[in-house]
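User: Please take a close look at one helix of this model and the backbone around it. I would like one connected account.

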Amino acid sequence: MRAVSKAAGYKATVTVTLKPSILDPQGEAIGHALQNMGVKGIKSVRIGKHIELEIEGGEEKVLRAKLEEISKELLSNPVMENFHLDLQAGG
Amino acid sequence: MRFAVVQFPGSNCDQDCVHALQILGQEARLVWHQETKINPEEAVILPGGFSYGDYLRCGAIARFSPIMAAVKVAAERGQVVVGICNGFQILCEAGLLPGALTRNEGLHFRCETAPIRVETPTTRFTSAYVTGQILQIPIAHGEGCYRASPDVLQELEARQRILFRYCNPEGEVVAEANPNGSSHAIAGICNARGNVLGMMPHPERCCEPEMGGVDGRGILLGAAGVGRSL
């Protein structure tokens, strides 16, 4: 039988990126700056957000569902952004 | 008509809205975002500015302010809700209008008077105007590039919910006249019921000749239900 995963604390990282269909003018501007620096071979630059959350203990499954909801409702805007959630025990 | 102008931390067009409404003969009160009540007879304005410093995304945090629950109820009851600039961003984040406003395509913060074309004069907000009328309205934003899924854009077009488009001085909708890269050159849209308006240009900034023009009057009077009196 598999024990329910329950740790004393967690660290969650939510990475928010613009959907591929959404133009990223900031990323393009950085791409131009890289060209000006003389860096070659950069095909594209996209900017996203990296959000770290420290969380008290709890059941991982419940926590993951809650974090998915938070990511959809507040941390990202599903109209124009995707998110990736990474959850690690031991906060 | 009595207006409730919501103040979020970082709003900066709230006083301008109150002033513009008052010189147009309307009653207006400021409502702090921590308040929870909008009266049933009031129209609501979410003014421009930088609510919560534009942290995370423009309007993303303001959407969770206590007053927003009351604004949602007011919109559902059919009361007038107008979001101007940051207010438009908040309405999109809150789901009261579809789509989202993203970084201007050219990256510049655009602060200038932009001609916009009236597309649909049959709404309460545009009843003072005629189709194709060109209005000179100030814009001031860094994130006004309207984006929505193809389905939503099609719906907005089909239901004539695009009230204003950016245009050149001749009234032509061309790429060079689009200050932020908005899809379909959208400057303002309304909801399906026609009681919620979101627009990036600032009508409250052009209601007196001393301010360089009066083209914004019709929009605010329209919100008050007396657009045709103009």
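Analyst: Two residues count as in contact when their C-beta atoms, placed from the backbone, lie within 7 Å. The model is predicted. The part examined here is helix H2 of chain B, residues 67-77.

Start with burial. A residue is buried if 20 or more other C-beta atoms lie within 10 Å of its own. In H2(B), the buried residues are Ile67(B), Met68(B), Ala70(B), Val71(B), Ala74(B) and Ala75(B). Seen down the helix axis, these buried residues fall within an arc of 155°, so they line one face of H2(B).

Next, the cover. Strands of chain B contribute to what covers the buried residues of H2(B). Among them are E1 (2-7), E2 (27-32) and E3 (42-46). E4 (81-84) and E11 (196-199) are also included.

Now the backbone on either side. Just after H2(B), Gly78(B) takes a positive phi of about 95°. Leu56(B) is not a glycine, yet its phi is positive, about 70°. Most residues other than glycine have a negative phi. Leu56(B) is partly exposed, with 17 other C-beta atoms within 10 Å.

Gln160(B) lies between helix H4 (150-158) and strand E9 (162-166) of chain B. With 14 C-beta neighbours inside 10 Å, Gln160(B) counts as partly exposed.

Methods:
Residues numbered from 1 in each chain as written. Chains lettered and ligands numbered in written order. Predicted model: local features only at pLDDT ≥ 70, side-chain atom pairs only at ≥ 80, totals over all residues. Buried ≥ 20, exposed ≤ 12 C-beta atoms within 10 Å, placed from the backbone. Helix = DSSP H or I, 4+ residues; strand = E, 2+ residues; numbered from the N terminus. Arc of directions from axis to C-beta.
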